[in-house]
Each structure stands twice: as structure tokens, then as C-alpha cells.
Amino acid sequence: MKDYLIYFAQAYPNFRRPELESLADLYNIPLDLSHHDESNPFLIVQLENDDQARKIMERSVLSKGIYELWGHGKTVEELQENVKQISSDKFEIFKENSFRFNFIGYKGSRSNRQKVKLIESFSFMAFTGHVSMNNPDEIYTILEEYEVTGSEKATTPINLWLGRQIQLSARTENILDKYDLRTRKYIGTTSFDAELSLVSCNIGQVAPGKITYDPFAGTGSFLVAAANYGGLPMGSDIDVRMLKGKSDDCNIQANFKQYNTSLYFIDIMTMDFTNNALRSDFVIDTIVCDPPYGIREGLRVCGAKNAEKAAGREHVVIDGEKAHLRRDFIPPKKPYELANLLDDLLTFAADRLPLDGRLAFWMPTANDDFEINQIPQHKNLQLIYNLEQEFNKWSRRLLVYVKRDESYAGETSNGLKAHHIKNFRERYFNGFNEKSR
Ligand SMILES: C[S@@+](CC[C@H](N)C(=O)[O-])C[C@H]1O[C@@H](n2cnc3c(N)ncnc32)[C@H](O)[C@@H]1O
């Protein structure tokens, strides 16, 4: 095993470990991240080889890059001593390769002149390859951590590492700019932000050639994120207007065209999730979604509020045809409880996912009355992550479950129902003033 240094982004630190763990698990790479510290963007991990490092980093959204560790010190002198001690054997291997140096400074940086001086002080590595700024064989990166005290600009690092760059992350390669909602052809009020859509797909283990289903597809944010990773996305939504978009140049298909991923896109269909028409033996590998909570969209299912009245309409005939059997019939919708919808979602996932397949969905919770037992559970689904993104009075949580076989003795429970938690919508529009129980 070799030491590698991971440099994380300063975003959603509690999602970082689940993202990398999920990617490592997807590629069957043993990776111990138990020592990950959310307050520190630097992490040393052990991997067998560069190929493993490349695989776990390439798709990552919450990391910036991974480096083969050549040395560490609290001062420049300590770093150089350590490089000589632990990496001398590598000097020969890379001796003739072209190279350049890079700097990464966390909470501080040094001037260009200082950088040049520092690079020159590594001349003991005696590389004979030429320096290439544009296309070097190797990039040696000096990563520095500074400590800011008061308002003073930090000038001396408290930790320095030298690493050979193995792989920059999708984030460093600008995936967030590419999927930025501000430049996406079709978005709506329900569109989910690009960063967390991509992270959800990573933690959901969307993989090339695997069918990814979003049952509440809306404007298709998770669908385009899934296709980015080679997943085969398929979506449904009860609201045909969402799926249709505004024009040929402003709909879900246009988004796939924009990202050059149309080939992966299976299709979308107008369908009430609770009256699901997908064949029962149709294999769905991953489910990633953001169910309706009634904030920007209604939670509705097919059915009539008043069954008696609706029964009376069954006799309505248009042009000799029963109205409700015509193709242009729009079925009535009625409100539905969120607690029931989440039950339906878990039951569907437990029935349709293959063993080890993942269900990842977002659930909002009020901060003042959240209890862990509100998270719905199913006896064949193991909840592996409950990741909180906190706002002022409420949070949304990415809940990630893995399908287990019958020998997994989980419990089925619905905390929202059991604790009579009011629909999140009511509390949201009350400004969370009235408690739900
Ligand atoms: C929170 S939005 C999801 C938005 C989506 N992630 C996007 O990128 O735009 C929830 C969606 O669920 C849909 N919906 C509500 N009730 C539904 C039902 N019974 N079956 C399927 N979709 C439903 C709504 O029309 C809405 O588009």
C-alpha cells in the first residue's frame, strides 16, 4: 500500500466521505476514510496503486485532486528532509520525465518569487527531464496549509506536502460550470442544483450502462447528472407540462443535447408514481430523486377527491366515446400524504432494485422537531447515509439506502405517520412557528 494525499473542496464537508466511500465501493477498491476530519481539507489515505487513486478521484465533486505523497513537514526544511527519507527511490524512476511544479495554498499563499525559490530548493531530486508548462509528464504539487490568526494575512505555512499529481477531480475539471443551472437550456422552479445532483448520483452509485430512474423527474436535474456518469436515465412525473418543457429547444431533451449525452437518455413518461406502470420485472439499478413536498410543486396522485361525483361522470360521452376512455382524457388528481408516498417509494425500491442497488432521495425536515426515527425504513433496505444540508429552520437530508436480501433483518417503519408529523409544507408556510405535534 502507498500513501496518497487527497485535497478536498470547501463544500459540504459532511458529504465528502460518503462520496469517496461510494466511489471506492463502486470500483471494489478498499479505502479506509475513518480518520477523515470534516474541518480539514487534507487527508492521507492508503491505496494499492495510482490506478485506484485515479478511479476514486475522477468522478468526485467534493474533492479537488489526489497526489502520490512524496513527503510532509511543518516547515520547508522538514518537508525536504522527509522527501529525501521516504521518496529518494522515486527520483530515479521519474528522473528523465518532463515536469513542472504547482502550488496549492489553503488559507494562504506565497509570492511568485517565493515559489520559484522553493521550487529551486528541490534541485536535490536531480531531475534531468525538461520543464514543460503545458504538457508535462509529471506535475509535482506543493500543498500548503496556512493558519489565519486575526485579520493578518498568513505568510508562513503550518503544514507542507509534496505530491506527484495523480488525478484532478471532476470539480477541478470544471464540471460545476458545465452543469450550472444558469446556463442550462431548460430549468424550472424545482430544478435541483447541479453540485448536489452530481453528488447524489455519485453516492447513489450511478454507473455506466446502469438504469437510473427518477420517479419525480420534473425538469430532469438528476437525469442529466446521471448521464454525465454514463448512467442510462429514465424519468417519470405526474405533471406533463414539466416533462414537455416550453419548446423543442427548452425541454429535457434539449438539456441532454446541450451536454452531449442524448445517447444515454432512455425516456421520460407522464405517470403517477403511485400507479406505476413499469413492468414488474424491469430492472432498475439505481433510484435518485427529490420527491414532492408541496413547496414548489403539489403532491398529487391520480384519483378523485369525491368518489361519488366522479362515478357520476363515468357516463359522460363525447363523440360517441366514453370521455374517460378517450386519449385526451386528463384524469382527476387528489392530494396525498407525504408519509404514504415515502412508504410507496421504499416499497418500490425494495421490490425493484437488484441486491446492493441504491435508493438515494432528499427529504426535508424541520430542525426543531426532527428525530432520527422520522426517517422511513424498510426491512430490506439498509439506511447507509443520512446527510444533512442545514438551512435556517429546516434541513434537507440525502437519505441513501442499499437493497439487502431477505437475510437482512431490518425494520419497516414510518416515523412521519407514527409521530403524526404534519406535512412539511404546512410547517414551511407557517415559518416553523407552530410545532407539528
Ligand atoms: C421536488 S419536484 C422534483 C424536481 C426535479 N428533481 C427537477 O429537477 O425539476 C417533485 C416532482 O414530483 C412531481 N409529482 C408530484 N406528485 C407526483 C406523483 N404522484 N407521481 C409522480 N410525480 C409526482 C411534481 O410534478 C414535481 O415535478
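This dialogue concerns the reading of a predicted protein model.

Colleague: Which conventions apply to this model?

Modeller: The model is predicted, so to speak of local features requires pLDDT of at least 70, side-chain atom pairs count only at pLDDT 80 or more, and totals for chains, interfaces and linings use all residues. Residues are numbered from 1 along each chain as its sequence is written, and side-chain values use heavy atoms, with hydrogens and water left out.

Colleague: How many helices and strands does the protein have?

Modeller: Helices (H or I, at least four residues) and strands (E, at least two) are DSSP runs, numbered from the N terminus. Here there are 13 helices and 17 strands.

Colleague: What is the order of the strands in the open sheet?

Modeller: Two strands pair if DSSP finds at least two bridges between them. In this protein, seven strands follow the order β9-β8-β7-β10-β15-β17-β16, with mixed pairing. Strands β9 (267–270) and β16 (381–390) are at the edges; each has a single partner strand, so one side of each lacks a neighbour in the sheet.

Colleague: How many bridges join β7 to β8?

Modeller: Four bridges link β7 (residues 211–214) with β8 (residues 232–237), and the two run parallel. Within this pair, T212 is opposite P233 in β8.

Colleague: Which strands does helix α1 lie across?

Modeller: Contact means heavy atoms within 4.5 Å. Axes are lines fitted to C-alpha atoms, for helices over the stretch in contact, and angles run from 0 to 180 degrees between N-to-C directions. Helix α1 (residues 13–26) lies across β15 (358–366), β16 and β17 (394–403), at about 145 degrees to β16.
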